[in-house]
Amino acid sequence: MTDLDWIDRWDQALESCPGCGVNCEAETAPRVTVDREDLSLTDEKVAQLVWYHTSTHPDWPTHDFDPAGELTQETRQRMGGDGHVARWAERQRAKALHVGTYEAAIHNMLRRIDDQGDHSTQFYLYRVQLVPTISVREGWLIDPSNFVGDVVLNEVCPPGVDVARYLNYHEDPGAISLALGRTAIGSTQRVAIPLASKEEPPWMVEAIRELDSASVTTSASSGSRPLGRRRAPSQRTSRARELTTSLAERLPVNLRWHFESAAAFSDDTAPDDWAFYVRDVMDLILQPARILEALDNEPVRHL
């Protein structure tokens with residue numbers, strides 16, 4: 001057994017396998033694996049467990065999903081015309097849905113903010129209950145996602161199988177996630193995240209005070225700067241970055257990089273708006289009980 005701090009050091013080649021001495025740079029380097037005591041490894045438990053997902057769609061999983069529905073005519077032409085669009089849409093509909101642990105769902109949101117430019121997009125956390133009679137694929141798979149995270153459903157769930165378990169390498173590493181089709185989902189509950197808190201932790205009060213008093217004038221704003229050189233950040237932005245780095249130290253190591261991206265500050269952002277948002281993002285990670293309680297009070301949507 002190990003922890004996330006050890007895994008982070010492993011990824012930086014600062015640790016080696018205590019058994020064989022191999023580190024992460026070797027082709028045969030070991031990776032995280034499942035916990036043999038994980039309840040989701042027992043077939044009959046899969047449908048009894050609660051699963052989670054984050055999405056920017058307020059009605060996930062969407063009825064009559066049409067991935068081409070919002071494409072403009074110009075976009076359709078750039079994609080090669082209606083025939084190409086139809087084939088592309090069919091490939092999109094063939095993708096598996098994903099559910100996993102609460103931790104994996106929150107990690108997914110942060111990763112999307114960082115990697116896919118979803119910083120200003122509203123996210124929703126879904127609690128998912130599966131259909132009790134689902135058929136679960138035997139055993140578990142190594143994460144089958146391609147480089148953009150997609151899985152073709154019929155490649156992991158052959159006829160007669162509704163759900164495939166896989167070891168998640170990227171979000172809550174070592175946990176089991178599921179690839180499944182829409183018909184395997186019995187019901188969902190949804191809450192918009194991050195969820196606003198009424199608490200005002202000391203760091204937030206102090207951060208707002210400091211940022212309000214910091215200058216937004218950059219060092220290069222009063223004169224020209226050499227071609228190609230970026231404008232230096234303002235005192236306010238620099239201080240916000242320092243605060244973000246300090247706050248990230250309170251979080252699990254595998255979430256820090258994405259958190260810092262989610263907490264990015266710009267001088268046109270009001271300090272109190274930034275601090276409230278950062279507080280609420282941190283609560284998703286450090287105060288999950290509050291988020292889960294909010295889900296408890298949401299209506300159940302039966303599919």
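**Reading a fold, piece by piece**

Student: Which residues are buried in α7?

Tutor: In α7, the buried ones are Arg-236, Thr-237, Ala-240, Leu-243, Thr-244, Leu-247 and Ala-248. Looking down the axis of α7, you'd find these buried residues within an arc of 135 degrees, so they line one face of the helix. That arc is taken from the directions from the helix axis to the C-beta atoms. "Buried" means under 20% relative accessible area, with exposed over 50% and partly exposed in between (1.4 Å probe, protein chains only).

Student: What should I know about the model before going on?

Tutor: It's a predicted model, where local features need pLDDT of at least 70 and side-chain atom pairs count only at pLDDT 80 or more, while totals for chains, interfaces and linings use all residues. Residues are numbered from 1 along each chain as its sequence is written, and side-chain values use heavy atoms, leaving out hydrogens and water.

Student: What covers the buried residues of α7?

Tutor: The cover includes α6 (202–213), α8 (256–262) and α9 (271–286).

Student: How do I read a sheet? What is the strand order in the open sheet of 4 strands?

Tutor: Two strands pair if DSSP finds at least two bridges between them. Here the order is β2-β6-β5-β4, with mixed pairing. β2 (97–99) and β4 (141–142) are at the edges with a single partner strand each, so one side of each has no neighbour in the sheet. β4 pairs with β5 (residues 163–167) in the parallel sense, over 2 bridges. For Leu-141, the bridge partner in β5 is Tyr-166.

Student: Now cores. How many residues has the largest nonpolar core?

Tutor: In soluble globular proteins, nonpolar side chains tend to be buried together. A nonpolar core is a set of buried Ala, Val, Leu, Ile, Met, Phe, Trp, Tyr and Cys residues joined through side-chain atoms within 4.5 Å. The largest one has 36 residues, and Leu-125, Ile-193, Phe-259, Trp-274 and Val-278 have the most contacts inside it. Its largest share, 7 residues, comes from α9. There's also a second, separate core of 21 residues, including Ala-47, Tyr-124, Leu-178 and Ile-185.

Student: Which residues does Phe-259 contact, leaving aside neighbours within four places in sequence?

Tutor: Contact means heavy atoms within 4.5 Å. Among the contacts of Phe-259 are Thr-244, Leu-247 and Ala-248, plus Val-278 and Met-282.

Student: How many aromatic pairs are there in the whole structure?

Tutor: Rings of Phe, Tyr and Trp (its six-membered ring) pair if their centres lie within 6.5 Å; planes under 30 degrees apart count as stacked, over 60 as edge-to-face and the rest as tilted. The search finds 3 pairs. Trp-60 and Tyr-126 make a tilted one, at 5.4 Å centre to centre with 55 degrees between the planes. This pair joins distant parts of the chain, 66 residues apart: Trp-60 is in the loop between β1 (51–55) and α2 (73–78), and Tyr-126 is in β3. Phe-265 and Trp-274 have ring centres 5.7 Å apart and planes at 90 degrees, so that pair is edge-to-face. Both Phe-265 and Trp-274 are buried.
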